[in-house]
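With the model open in your viewer, please follow the stops below in order, selecting each group of residues as it is named.

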Amino acid sequence: MTKKTALIGSAAVVLAAIALAPTTVRNSSAESIARHRVERGRYLVSTSACHDCHTPWIMGAEGPEPDMSRALSGHPQDIVLTPAPELGDGPWGMVASATNTAFAGPWGVSFTANLTPDENTGIGVWTEDIFVNTIRSGRHWGAARPILPPMPWQVYRQMTDDDLKSIYAYLRTIQPHQNRVPEPVPPTPGAGVAAG
Ligand code: HEC
């Protein structure tokens with residue numbers, strides 16, 4: 001190799017490095033945004049009460065607690081629920097199952113959704129847009145029937161886009177659980193406050 005070709009060769013290497021640099025920077029910043037979102041989502045899910053209702057409770061040493069081996073898998077499909085107790089006209093307005101995943105009130109009975117990435121029974125097929133629209137609009141799948149109590153979407157809709165996208169990003173990373181949550185039960189006419 002002559003001196004000249006060596007010089008041209010190293011110039012080409014430098015040029016190639018310069019040409020590649022922006023892409024590398026772009027990729028690593030996209031990766032770091034994605035990593036940041038998952039971490040932020042983990043934090044938000046753990047501090048915004050999602051486990052309280054979407055992870056079934058079991059009796060622990062210190063009282064009822066979310067069963068993290070079924071984290072965010074929603075109301076367990078294998079529980080056979082008896083009709084909710086009648087509450088009449090008294091001051092009590094809502095009853096919850098022992099798992100804290102089924103709730104009866106004037107809206108009938110609602111069951112917490114499976115938020116794990118299982119494709120058939122969870123939110124595995126949901127896009128980021130569907131997730132954000134669901135929380136923002138308070139509608140099932142972001143477009144259909146109104147979401148029932150006690151899902152506090154009115155609270156979570158106040159979150160920034162970045163926070164909602166972070167929750168979605170984190171939910172993609174959790175353990176999928178196959179658990180088909182029942183459809184809500186409409187109120188029985190004339191059955192009092194808690195219907196079932
Ligand atoms: C107080 C109980 C409660 C808390 C806390 C709660 N949820 Fe829910 N969630 C529910 C119930 C009940 C439903 C089912 C409502 C229905 O069927 O209309 C639901 C449904 C959902 C759905 C499905 C909506 C749809 O399209 O049908 C999503 C998504 C969701 N919750 C996400 C979350 C996230 C994320 C958090 C935490 C930031 C959270 N929930 C906290 C009770 C709760």
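How do the residues of the shell around the ligand divide into nonpolar, polar and charged? In this predicted model, they comprise 15 nonpolar residues, six polar ones and one that is charged.

To see that shell, select the ligand together with the 22 residues that surround it, and then highlight Cys50, Cys53, Ala113, Leu148 and Met151, which are the closest.

Now turn to the strands. Selecting S3, S4 and S5 shows an open sheet of three strands, arranged in the order S3-S4-S5 and paired in the antiparallel sense. Strand S3 (95-96) and strand S5 (108-111) are the edge strands, each of them pairing on one side only. Between strand S4 (residues 102-105) and S5, the antiparallel pairing runs over four bridges, and if you pick Ala102 you can look across to its bridge partner in S5, Phe111.

The last stop is Gly138, which you will find in the loop between helix H3 (128-137) and helix H4 (153-156). Beyond its neighbours within four places in sequence, Gly138 is in contact with Pro146, Ile147, Trp153, Gln154 and Arg157. Finally, draw a C-alpha to C-alpha distance from Gly138 to Arg157, which reads 8.2 Å although these residues are 19 apart in sequence.

Definitions and conventions
Residues numbered from 1 in each chain as written. Predicted model: local features only at pLDDT ≥ 70, side-chain atom pairs only at ≥ 80, totals over all residues. Near = placed C-beta within 6 Å. Nonpolar A, V, L, I, M, F, W, Y, C, P; charged D, E, K, R; others polar. Pairing = 2+ DSSP bridges. Helix = DSSP H or I, 4+ residues; strand = E, 2+ residues; numbered from the N terminus. Contact = placed C-beta atoms within 7 Å.
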